[in-house]
Amino acid sequence: MDEKKTSGIGEVYSRLFDHQPFLQSEIKSFVYEFEEKRGDQEVSDLFEILEKAAEIKDSQIDRVGKAKDNLIVLQAELDKVLVTCNNVLAIEDTLDRNSVIKAGRETRAAEFQHFFENLNEKYKSVDESFKEKEDHLKSYYKQLESKLNLTAKPQQLSA
């Protein structure tokens with residue numbers, strides 16, 4: 001009886017917990033479907049890549065060599081153009097600076113002219129003021145002198 005129980009337990013255990021036969025059949029069916037759907041696509045892709053590589057090797061390498069020579073010439077021409085562009089930029093910077101300097105000089109010249117005109121006007125007003133004061137003092141001293149002469153004459157007569 002113990003044998004029956006143990007064999008029954010082994011059978012129950014194998015049915016419940018041993019999934020190896022089921023998994024093996026599932027893996028085999030998956031691999032079969034995968035291979036059937038994919039077919040020999042990887043092999044055909046590899047052959048296509050090999051054909052393209054051979055075609056490039058046969059026809060394109062010469063073109064790349066010629067293109068390399070042309071690229072060297074193109075690089076030299078581009079270097080010349082770059083130098084010319086840098087020269088133009090340097091000249092433009094110089095011209096801009098010169099125009100700024102020229103504009104500053106013109107502004108300072110206009111300010112100096114305005115200052116000089118104001119200075120001349122002030123000189124004229126000072127000269128006119130001195131002339132007026134001088135005329136006023138001359139007339140004042142003439143009046144004093146004439147008063148002194150008038151008052152001095154009677155004293156001279158009496159003396």
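**Surface patches and confidence in a predicted helical model**

Visitor: Which residues gather in a patch of negative charge on the surface?

Guide: This is a predicted model, in which local features need pLDDT of at least 70 and side-chain atom pairs count only at pLDDT 80 or more, while totals for chains, interfaces and linings use all residues. Residues are numbered from 1 along each chain as its sequence is written, and side-chain values use heavy atoms, without hydrogens and water. The negative patch on the surface consists of Asp45, Glu48, Glu51, Glu55 and Asp58.

Visitor: Is Glu51 buried or exposed?

Guide: Glu51 is found in helix H3, helices being DSSP runs (H or I) of at least four residues. Buried means under 20% relative accessible area, exposed over 50%, and partly exposed in between, with a 1.4 Å probe and protein chains only. Because its relative accessible area is 56%, Glu51 is exposed.

Visitor: What is the area of the nonpolar surface patch that includes Phe22?

Guide: Phe22 is found in helix H2 (residues 20-38) and counts as exposed at 52% relative accessibility. Together with Leu23, Ile27, Phe30, Val31 and Phe34, Phe22 makes a nonpolar surface patch of about 630 Å².

Visitor: In which helix is confidence highest?

Guide: The confidence score is pLDDT, given for each residue from 0 to 100. Confidence is lowest in helix H1 (residues 2-17), at a mean of 72. The highest mean, 85, belongs to helix H3 (residues 41-158).

Notes. pLDDT is the predictor's confidence in each residue, from 0 to 100. Helices (H or I, at least four residues) and strands (E, at least two) are DSSP runs, numbered from the N terminus. Patches are made of residues with over 30% relative accessible area and no salt bridge: like charges are joined within 9 Å, nonpolar side chains (Val, Leu, Ile, Met, Phe, Trp, Tyr) within 5 Å. Accessible areas come from the Shrake-Rupley method with a 1.4 Å probe; for residues, only the protein chains shown count as cover. A salt bridge is a side-chain nitrogen of Lys or Arg within 4 Å of a carboxyl oxygen of Asp or Glu. Lys and Arg count as positive and Asp and Glu as negative; His and the chain ends are not counted. The place of a charge is taken as NZ of Lys, CZ of Arg, CG of Asp or CD of Glu.
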